[in-house]
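Here is a friendly set of questions and answers about helix packing and a few individual residues. Please have the structure open as you read.

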Amino acid sequence: MIPVNPDRFLADLHELRAIGASGIGKGVVRPAFSRADIEARQWLGARMAQAGLLVEIDPVGSVWGLAQAEKSLLIGSHSDTQPEGGWLDGALGVIAGLEIARASIEAGGPPVSAVSFQDEEGRFGVTTGSTIWSGGLSLETADDLTDRDMISFAQARGAMAHLVTGPFVDPARFSGFLEMHIEQGPWLDQAGEAAAVVSDIVGIRDMRITFEGQQNHAGTTPMHLRRDAFQALGAFNARLAERLRNVVTPQTVWTIGHVNLSPNAHSVVPGKAVFSMQWRDGDAARLARMEEIIRETASEIAQEHGMGLGYSSMLGLEPVPMDAAMRAALEAAATEHAAGRWRNLQSGALHDAANLSRLMPVGMLFVPSIDGISHAFEEDTRDEDLTRGLHILAGAASRIAPKGGQAARS
């Protein structure tokens, strides 16, 4: 087994938290390519070098600590945060990778490499750094992406250009990828359980729907003569919940997360509503059936309320099952370190592991989120759950990392 040091692991987590600390609880403000993000990546590179790993920073700012071996197990996640983020989302997996790689070198154990991918949180898209590295998006196309302030990805990564050490790391160096993450949901915390071995990462469908009615005066237009786009949206939302009830599972989710009313004025009946429609599930057939129901319901509502109806193109990510051997190693380690207190669990959130599954076997481990809170300054996990997760991950790494000892780099 790789003899990890929990105290050193926790100390590094807290030191990383201090870079970009919000001043509110344990909150962190470290969006991709911000000054704090770049400082954190420089700090991480220095820690990796001290551990005896070869440090590489690739053209998009992902930071690699590479083992001295032809093949190694890769462990990591991301260190960027949401604009108002928590201290563990992503950072937990990065520091776990660092500690396991460092401890394995010290013990002459199997080769383990560590990574922090850039822009997982989506300032410029979705899991941008690992999507580019895994071949899902070309760098040329990514460079044209813009954030909400119309800064391009090319401009943003220019702030790290002086730190880039060379081209992208060759994926052939790695035998597989493990990622530890906070659950970001309530299941483990509510059940009083210590860990979850991820079974799969859900598929996602996302599009915009438009209801177009008639803009008119809010004071003089009788209710029965209105073609109010917001009333159509409200009716759609209520009916959709009824229609989906017998199709979905407790893990299925759907969200109307953004609404744009036109003209968005107090005294005007809204003539147009453009809204996002996103749904997630681990079964591709269920995702397709949900799409049918969403479109059928929207069509019915549009006809009943006198609306024009339009759709944007649909973005989609397919469900990603975790590798069977990776799951087995995590399950064996979970049984050893958290007997009777772990479960298998689907991930409703997207992670870098989904992209890496194109290239290699992947596995994921969750530890509890207190009250299920994440993407917020209040995000937190108990120290004992963090360190137990570290032991489980190290136990799995010991079982599946390529054989052969290693020494620290001189």
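Q: How are H1 and H2 oriented to each other, roughly parallel or roughly antiparallel?
A: This is a predicted model, in which local features need pLDDT of at least 70 and side-chain atom pairs count only at pLDDT 80 or more, while totals for chains, interfaces and linings use all residues. Residues are numbered from 1 along each chain as its sequence is written, and side-chain values use heavy atoms, with hydrogens and water left out. Helix H1 (residues 6-17) and helix H2 (residues 35-51) have axes 10 Å apart and pack at an angle of about 155 degrees (axes are lines fitted to C-alpha atoms over the stretch in contact, and angles run from 0 to 180 degrees between N-to-C directions). Angles under 35 degrees count as roughly parallel, over 145 as roughly antiparallel, 65 to 115 as roughly perpendicular and the rest as oblique, so H1 and H2 are roughly antiparallel.

Q: Which residues of H2 make the contact with H1?
A: Contact means heavy atoms within 4.5 Å. From H1, the contact involves Asp12, Glu15 and Leu16, and their partners in H2 are Ala40, Trp43 and Arg47.

Q: What angle do H1 and helix H3 (residues 91-106) pack at?
A: H1 passes H3 in a right-handed crossing. The axes of H1 and H3 are 10 Å apart, and the packing angle is about 140 degrees. That angle makes H1 oblique to H3, the value being about 140 degrees.

Q: How many charged residues does the contact of H1 with H3 have?
A: H1 brings Arg8, Phe9, Asp12, Leu13 and Leu16, which meet residues of H3 including Ile95, Glu99 and Arg102. For the classes, Ala, Val, Leu, Ile, Met, Phe, Trp, Tyr, Cys and Pro count as nonpolar, Asp, Glu, Lys and Arg as charged, and the others, Gly among them, as polar. The contact has nine nonpolar residues, no polar ones, and charged residues numbering five.

Q: What is the distance between the end C-alpha atoms of helix H12 (residues 383-400)?
A: The expected span of a helix is 1.5 Å times one less than its number of residues. For the 18 residues of H12 that should come to 26 Å, which agrees with the end-to-end C-alpha distance of 26 Å.

Q: Where is Pro263 placed?
A: The peptide bond from Ser262 to Pro263 is cis, with omega near 10 degrees. Pro263 is in the loop between strand E10 (259-262) and strand E11 (268-269).

Q: Is Asp371 buried or exposed?
A: Asp371 has a positive phi of about 60 degrees although it is not a glycine. Buried means under 20% relative accessible area, exposed over 50%, and partly exposed in between (1.4 Å probe, protein chains only). With a relative accessible area of 59%, Asp371 is exposed.

Q: Is Asp281 buried or exposed?
A: Asp281 belongs to strand E12 (residues 272-281). Leaving aside neighbours within four places in sequence, Asp281 is in contact with residues including Val202, Thr249 and Pro319. Its relative accessibility is 2%, so Asp281 counts as buried.

Definitions and conventions
Helices (H or I, at least four residues) and strands (E, at least two) are DSSP runs, numbered from the N terminus. A crossing is left-handed if the near helix is turned anticlockwise from the far one by less than a right angle, and right-handed if clockwise.
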